[in-house]
Protein chains: 2
Amino acid sequence: MKAVVLRQSALTVEDLPELTPGAGQVLARTVACGICGSDLHFLHHGHKMLALGVESGNPSTVDLSKNIVMGHEFCAQLEEIGPDTYTTAKPGDFVVSMPVMLTGTTIGTIGYSNEFIGGYSEKLLLSGPLLLTVPNGLNPEHAACTEPMAVGLHAVNQSGITIGDAAVVHGCGPVGLAVIASLRLKGIESIIASDFSPARRALASTMGATTVVDPRAQAPLDAWLADAGPQAPRQSYAAGSGSGLLQFECVGVPGMINETMKRAPKSSTLTVVGVCMETDSFQPMFGINKELRVNFVLAYTPEEFAATLRHIAEGDIDVAPILTGRVPLDGVAQAFTDLANPELHAKILVVPSL
Amino acid sequence: MKAVVLRQSALTVEDLPELTPGAGQVLARTVACGICGSDLHFLHHGHKMLALGVESGNPSTVDLSKNIVMGHEFCAQLEEIGPDTYTTAKPGDFVVSMPVMLTGTTIGTIGYSNEFIGGYSEKLLLSGPLLLTVPNGLNPEHAACTEPMAVGLHAVNQSGITIGDAAVVHGCGPVGLAVIASLRLKGIESIIASDFSPARRALASTMGATTVVDPRAQAPLDAWLADAGPQAPRQSYAAGSGSGLLQFECVGVPGMINETMKRAPKSSTLTVVGVCMETDSFQPMFGINKELRVNFVLAYTPEEFAATLRHIAEGDIDVAPILTGRVPLDGVAQAFTDLANPELHAKILVVPSL
C-alpha cells in the first residue's frame, strides 16, 4: 500500500507492507485526512518538539530516524475487523476516531509514531472501541474535520466563557476558525477575529465572527474597547461573568502571549490554543497588575470529539468553507509548501484515492 | 510630624506639615507599619514599576521626583474624625484599613502616592468608611500584618484549591509564608514549601508547611512526586479535584515561572503571587503539553481583608513568628538593607514611637 513517509525531514511516497488488524483493531481505507499545522512543524522541527516533550516530563517514544506516516485528522472506511475486537461499526461504514491506539497496556499515538500509521496513507489501523460511525448523509470529507474542529470546542469549553461574554480571537488559521465556530455554537454574540490575511478574515466572518480586524490597521482589543467604552480599563472582565472578555491566542508565534497580556483588561482570561514551539518572553507584571488567567489547552476529550462529529453532521458547524484544497498522496509535499500562503489555503485534505 | 520620605531613590526622615482630616477622612497615629518587598523594589526600580503599569494600561499618577511616603501595611490609633465622615471607629480605637483613600471621585493609593502618606510616618489620613477596628485584646503590631496576610488568603482563594489537593509553595518570604498560613487555615493537608534559607524553611514549618525542601538538595516537585508515586506524570491534577496539585510562585525572579511550568504535572495550576518586574522567558509548550493554568493574582478583596483581621484576632493565623524586627523611623533605611538577608529577617515593623 502507498503512504507518505516522513524520514529525515523529507516526505516521500513509498510502498509499505499491507496491514493486518490485530486484537482490538480494525483495518480501514483512508477516505480523507486533513493536513495540520503541527505536521508542518513536525516535518522540520520534530527534534525540537520531542526535546520539549522530554524536558516537560512527557517523553515520546518516536524515533525520527525511522519511518513515520503522519496524518491525525482522518475519515476512513472500515474494511476488516480484527480478532476479539469490540466495535459498533461494520465493514463498509465510514468512521472517524481520535488519533490514538489502545494497545491494552498503553495509549499509542496515530500519526506521530513509528508504530501506528496515520492518514497520509491508503490504509490504516484503528482501535475498534474508539470508532465513531459517520452519520448517514454526512460527506466523509467533512467528517475528516472532526478532529481539528474538536480542538476549537475544547478550547472554548476550557476557557470558561458564557453567554454575554465577548471573545477576541487572534489568528484565523484552522485553529482560530475552529474556535470561532464553537464560540458561535455556544451563542457568544460578540466574536472579534483578527488576522493579517483578507482571505482568512473572510473565512472568519463565514464561520461566525461578528467583527473582523486587520491587526495592522487596528489592535483587536481596540475593536472591543470601542464597544466597551472609556470605563472599560477600570472594570473587571472575568470569564463566565456574563460581561467577561476572553482572548484566544491561535497564532502560535513568539510575542503573541505577551501582546495579548499587555492589552488585556482586568481579570480577563487568555486561552492559549496556538502552538508556539519557540522560547517566548513576557512581562509577568502585565499578568499581575491585571490578575490575568492564562489557560493553555491541548486537544479534546472523547466526549468533545463525539459532540463535534454530531455538530458537523447536524449542520451546526459547516466545515465546507475551510476546505480549500484536495491532493493525492503524491501532492502532500507540495501541499505542505502551499499551506504557507494564507491567501491560498486554510485546510487541505489528503485524498489517497485521487 | 516626622516621616520617612522617598525622593530620588533615597529614604530620609523629614519633618512634614501636620495633617488635617478632610471630609470622609480620619487622622490616625501610626502604631506599626510593615516593610513590604514591593517597597524594596519601588525604592530602586520605581520608574520601571510605573512604566510597566503604563504599558499594561494601568497608569499611575505618581511622580517620582516629588515626595512619597511609603508604607501600606499599617495599624494606627484613631485621633480625629473629619467632617461628614462615616465610620464605626471612635477616637482612641486601634484601626486597620486597606491602603486606599476614597475621594468620592477616585480611589487613591496610600503609600505609593504623592498625595496620600503611608505608614512610614508618625501620622496618616485614612478613609473613614474603610476602617476596621482592631478587636479587643489583639496586639496592634499583629494587626499590622492584616495586609500582607490577606495577600496569602486571596492567592489561596483564587487558586481554586480544595480539601484533598496538595500545594507546593516556592519561596518562603513574607508572601510565601502568608500563602502557607492560608493553605493551613483552609485545611490543606499536604503543603510542601521550598526556600534556600534554613531560617525561612523553619518559619514555613511554623506557619503550617508539612514538608520543607531546600531546592538545592531536592526539586520541590520531587518531594511531592515521592508521595504521588510513579504513575503521577500520567494523571491529571486539576485544582479543586480533591487530588489536584497546585503550585504557588512566591519568589518573583525571572525563570521561576518557566521552572514551575516545566516540572508541573498535567492539568495542574500555577498561581503567581511573587512579583517579578523583569522580562521573563518561558516555553509555551510546557503549558500546552500539560494543559497548565497560570493565574496571576494581586492584593485581595475587602471581604478577604476583613476576614484576615478576624483570623489573626482569633488566633487562626499566628503572625508572631514572622515578626523578626522593629525599627524607629530613622531605622527604616537600614532595615531595607537588612531585609536582603533572609537568615536575619522575614517581616520588619516600622514603629514610629520607638
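**Close-up views of a predicted two-chain model**

**View 1. B:K290 sits in the loop between α8 (284-289) and β16 (293-296) of chain B.** Helices (H or I, at least four residues) and strands (E, at least two) are DSSP runs, numbered from the N terminus. This is a predicted model, in which local features need pLDDT of at least 70 and side-chain atom pairs count only at pLDDT 80 or more, while totals for chains, interfaces and linings use all residues. Residues are numbered from 1 along each chain as its sequence is written, chains are lettered from A in the order in which they are written, and side-chain values use heavy atoms, leaving out hydrogens and water.

**View 2. Here are the surroundings of B:K290.** Leaving aside residues up to four places away in sequence, B:K290 touches (heavy atoms within 4.5 Å) several residues, including A:N58, B:M261 and B:R263.

**View 3. Chain B is superposed on chain A by a rotation of 180° with 0.0 Å of shift along its axis (RMSD 0.0 Å).** In chain B, the C-alpha nearest the axis belongs to B:S281, 2.0 Å from it.

**View 4. In chain A, β1(A) and β2(A) form a hairpin with two residues between them.** In the turn, A:Q8 has a positive phi of about 50°. A:K2 stands opposite A:D15 in β2(A).

Notes
Least-squares fit on C-alpha atoms with pLDDT ≥ 70 in both. Pairing = 2+ DSSP bridges.
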